Amino acid sequence: MSRRHPIISITGSSGAGTTSVKRTFENIFRREKVSAAFIEGDAFHRYDRAEMRRKMVEEAERGTKPFSHFSPETNLFEELEKLFRDYSESGTGTTRHYVHDEEEEQLYGAPPGTFTAWEPVPPDSDLLFYEGLHGAVVTERVNVAKYADLKIGVVPVINLEWIQKLHRDRQARGYSTEAVTDTILRRMPDYVNYICPQFSETDINFQRVPTVDTSNPFIARWIPTPDESMVVIRLKNPKGIDFPYLLSMIPNSFMSRANSIVIHGAKLDLAMQLILTPLILQLIERKKRSL
């Protein structure tokens, strides 16, 4: 952790809702005039799209362990740790971009499914903001979590996460239900071993829970809406959090445990604004005092 160069990391698997949380942070940064260096978790995948597909075929033919984007074998954990360490020490570091589609191809000048060249993070930023799969990962060889000053987990209950992935991959990527199901099954061991443990490292978890039947996510015809959901917000260290104020500001919210508040799904953005804005300003104030 660094007083002078703070780091915020958002951790959650693909389809979990991390992009929506990122938009909330962007709004806070814009309103509070905070300059953030944005880091994409995809940038630290080990293989580009074509290489990953080739490796998956090779591993399947060998009959070895399942192969997924969640594991150390397919990610540059050491490089990600180095970025966090370098930024925390000096406000510098190296990153790149993964080009997802034709729109980003126009932006970055590289074909979809490939990486741009490595480059320095933008200079003179107030903080580093990471959003991806491994913002709080800890293994025998690396400890990314220890360098982040504020770690946020975004983790819907598993059936809801599967529904969101099924709908996104079928509609946006043209995959069949069977293909997405195979992907979910292939990823499950790595999800259990490398994604779930991170949510014990995070400072705050936002977990969306549907209030409609999601018993069989593989036949769900639509994603439960925020109005059909509740969100459980767990704070690892509730010291300094004004829960009575939050309960008064967020309609129909309630405490389920001494460190957990439950809100209506449609109030997630409001809750994040109320909880996260003071924490971000504390990081910035601490940074100013250290200069």
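**Figure 1. Lining of the largest cavity by residue class.** The lining of the largest cavity divides into 6 nonpolar, 2 polar and 3 charged residues. Here Ala, Val, Leu, Ile, Met, Phe, Trp, Tyr, Cys and Pro count as nonpolar, Asp, Glu, Lys and Arg as charged, and the others, Gly among them, as polar. The structure shown is a predicted model, in which local features need pLDDT of at least 70 and side-chain atom pairs count only at pLDDT 80 or more, while totals for chains, interfaces and linings use all residues. Residues are numbered from 1 along each chain as its sequence is written, and side-chain values use heavy atoms, with hydrogens and water left out. A cavity is a set of points, on a 1 Å grid over the protein atoms alone, where a 1.4 Å probe fits but cannot get out, and lining residues have an atom within 4 Å of a point. The count comes to 2 cavities of 30 Å³ or more. The largest cavity holds about 120 Å³ of space; volume is the space filled by probe spheres set on the points, with grid points joined across faces, edges and corners. It is lined by 11 residues, and F70, E161, W162, K165 and Y191 are the closest to its centre. Helices α5 (158–173) and α6 (177–195) are the elements that give two or more residues to this lining. Helices (H or I, at least four residues) and strands (E, at least two) are DSSP runs, numbered from the N terminus.

**Figure 2. The second largest cavity.** This cavity has a volume of about 40 Å³. The residues that line it are G41, F44, H45, N75, F77, L80, Y130, L133 and H134. By class, 5 are nonpolar and 4 polar, and the lining has no charged residues.

**Figure 3. The second largest pocket.** A pocket is an open set of grid points with protein on both sides within 12 Å along at least five of seven lines. The second largest pocket has a volume of about 720 Å³. Its lining comprises 27 residues, of which N237, K239, I241, L279 and Q282 lie nearest the centre. Strand β6 (150–154) and helices α7 (243–249) and α8 (268–290) each supply at least two lining residues. Helix α8 gives the most, with 8 residues. The lining divides into 14 nonpolar, 3 polar and 10 charged residues.

Figure 4. The whole structure contains 11 aromatic pairs, a pair being rings of Phe, Tyr or Trp (its six-membered ring) with centres within 6.5 Å. Ring pairs link F25, F29, F38 and F129 into a cluster. Elsewhere in this view set, the charged end of R96 sits over the ring of F115, 3.7 Å from the ring centre. The rule for such a placement is NZ of Lys or CZ of Arg within 6 Å of the ring centre and within 35 degrees of the ring normal.

Figure 5. T116 is found in the loop between α4 (102–108) and β4 (119–120). The residue counts as buried because its relative accessibility is 14%; buried means under 20% relative accessible area, exposed over 50%, and partly exposed in between (1.4 Å probe, protein chains only). The side chain of T116 reaches the backbone nitrogen of H97 at 2.9 Å.

**Figure 6. Two loop residues with positive phi.** K33 is not a glycine, yet has a positive phi of about 60°. K33 is placed in the loop between α1 (18–32) and β2 (36–40). With a relative accessibility of 72%, K33 counts as exposed. D124, also not a glycine, has a positive phi of about 60°. The loop that holds D124 runs between β4 and β5 (127–132). D124 counts as exposed because its relative accessibility is 73%.

**Figure 7. Two residue pairs separated along the chain.** H100 is found in the loop between β3 (94–95) and α4. With 30% relative accessibility, H100 counts as partly exposed. H100 and D182 are 82 residues apart along the chain, and their C-alpha atoms are separated by 22 Å. The other pair begins with I204, found in strand β7 (residues 204–210). I204 counts as buried, at 2% relative accessibility.

Definitions and conventions:
Phe/Tyr/Trp six-rings, centres within 6.5 Å; stacked < 30°, edge-to-face > 60°. Polar contact = N/O pair within 3.5 Å; in protein donor to acceptor, adjacent residues only side chain to side chain.
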